[in-house]
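User: I'd like to learn how to read a fold from its parts. Could you walk me through this one?

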Amino acid sequence: MASALPSVSIVIPAYNEEETIRACVVAALEQTVPAHEIIVVDNKSTDSTAAIVHALQVTYPGYPIVYLQQFELQGLIPTRNFGLNHATGDVIGRIDSDSVLEVQRVFSDPEVSAATGPVIYYDMPLRRFGAIADDAIRRALVKVASEFHLLFGSNMALRATAWHEIRDDACLDPDDDLHEDVDLSIHLHEHGLKVAYSSDMVA
């Protein structure tokens, strides 16, 4: 008997994202496997980001759209951490507010603690070729770095248990000297947690 798929929380840090946040949230709602919750974490936005998210909550009543504010610190990392800490799903996906998700089933493997996948750049020409090239490059990186797999910040997810294990070690990095996805990858590796790459987990 196949085990049930884990519940998925999608965390979207947002700072002045009025041009992209609606498409991002709507795409997250339209996943093949419905998300347990979609958490938009507003980081001191001064535009219409909050109003758009609240309008989506009204437009899609009964859907798990959660709006949170992280106004204590400016920056992606504290905003990301705030969202990850408030997520209640078994798996937590962290995407950029201008990302559009497709499908993810890689966590049916209980040994996978985190996962990442290719990115299709929807505002660039030759999207089909770009998608093939992006996937090929990332798969090549996985083969080269057989013991250490990088997460890609625009398309990544990790189990809640993995986040709870590494979050006290994760760097705040206020100067952004080390990209936050690289930092998470390092700490997952240090804790012996498996990172998987899936060509089917597309943003």
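This is a predicted model: local features need pLDDT of at least 70, side-chain atom pairs count only at pLDDT 80 or more; totals for chains, interfaces and linings use all residues.

User: Where is Ser45 placed, and which residues does it contact beyond its neighbours in sequence?

Analyst: Ser45 is in the loop between S2 and H2. Leaving aside residues within four places in sequence, Ser45 is in contact with Ala14, Tyr15, Asn16 and Phe71. Then look for polar partners. The side chain of Ser45 makes a polar contact of 2.7 Å with the side chain of Asp42. A polar atom of the Ser45 side chain also lies 2.8 Å from the backbone nitrogen of Asn16.

User: What about Asn43, buried or exposed?

Analyst: Asn43 is buried, because its relative accessible area is 3%. Asn43 also sits in the loop between S2 and H2. Its side chain and that of Gln74 are joined by a polar contact of 2.9 Å. Not counting residues up to four places away in sequence, Asn43 touches Ala14, Tyr15, Gln70, Phe71, Leu73, Gln74, Gly75 and Thr79.

User: On to the strands around that loop. How do S2 and S3 pair?

Analyst: The general idea is that strands of a sheet pair through backbone hydrogen bonds, either parallel or antiparallel. Here S2 and S3 run in the parallel sense, over five bridges. Together, S2, H2 and S3 form a right-handed β-α-β unit.

User: In what order do the strands of the sheet come?

Analyst: The sheet is open and has seven strands, in the order S3-S2-S1-S4-S6-S5-S7, with mixed pairing. S3 and S7 (194-197) are at the edges with a single partner strand each, so one side of each has no neighbour in the sheet. On average, neighbouring strands are turned by 25 degrees against each other, direction ignored.

User: Now a helix. Why is H1 described as largely enclosed by the rest of the structure?

Analyst: Count its buried residues. Seven of the nine residues of H1 are buried, so the rest of the structure largely encloses this helix. The buried ones are Ile21, Cys24, Val25, Val26, Ala27, Ala28 and Leu29.

User: Which residues have the most contacts inside the largest nonpolar core?

Analyst: That core has 26 residues, and those with the most contacts inside it are Ile10, Ile12, Ile21, Val25, Ile38, Val40 and Phe107. The elements giving two or more residues to this core are S1 (8-14), H1 (21-29), S2 (37-42), H2 (49-59), S3 (65-69), S4 (91-95) and S5 (112-116). H1 gives the most, with six residues.

User: What does Ile21 touch?

Analyst: Ile21 touches Ile12, Ala14, Val40, Ile52, Val53 and Ser97, not counting residues up to four places away in sequence. There is also a second, separate core of 20 residues, with Ala114, Leu151, Ala160 and Ala162 among them.

How values were computed: Residues are numbered from 1 along each chain as its sequence is written. Side-chain values use heavy atoms; hydrogens and water are left out. A nonpolar core is a set of buried Ala, Val, Leu, Ile, Met, Phe, Trp, Tyr and Cys residues joined through side-chain atoms within 4.5 Å. Buried means under 20% relative accessible area, exposed over 50%, partly exposed in between (1.4 Å probe, protein chains only). Helices (H or I, at least four residues) and strands (E, at least two) are DSSP runs, numbered from the N terminus. Contact means heavy atoms within 4.5 Å. A polar contact is a pair of N or O atoms within 3.5 Å; within protein, one must be able to donate a hydrogen and the other to accept it, and residues adjacent in sequence count only if both atoms are side-chain atoms. Two strands pair if DSSP finds at least two bridges between them. A crossover is right-handed if, with the strands pointing away from the viewer, the path from the first strand over the helix to the second runs clockwise. Axes are lines fitted to C-alpha atoms, for helices over the stretch in contact, and angles run from 0 to 180 degrees between N-to-C directions.
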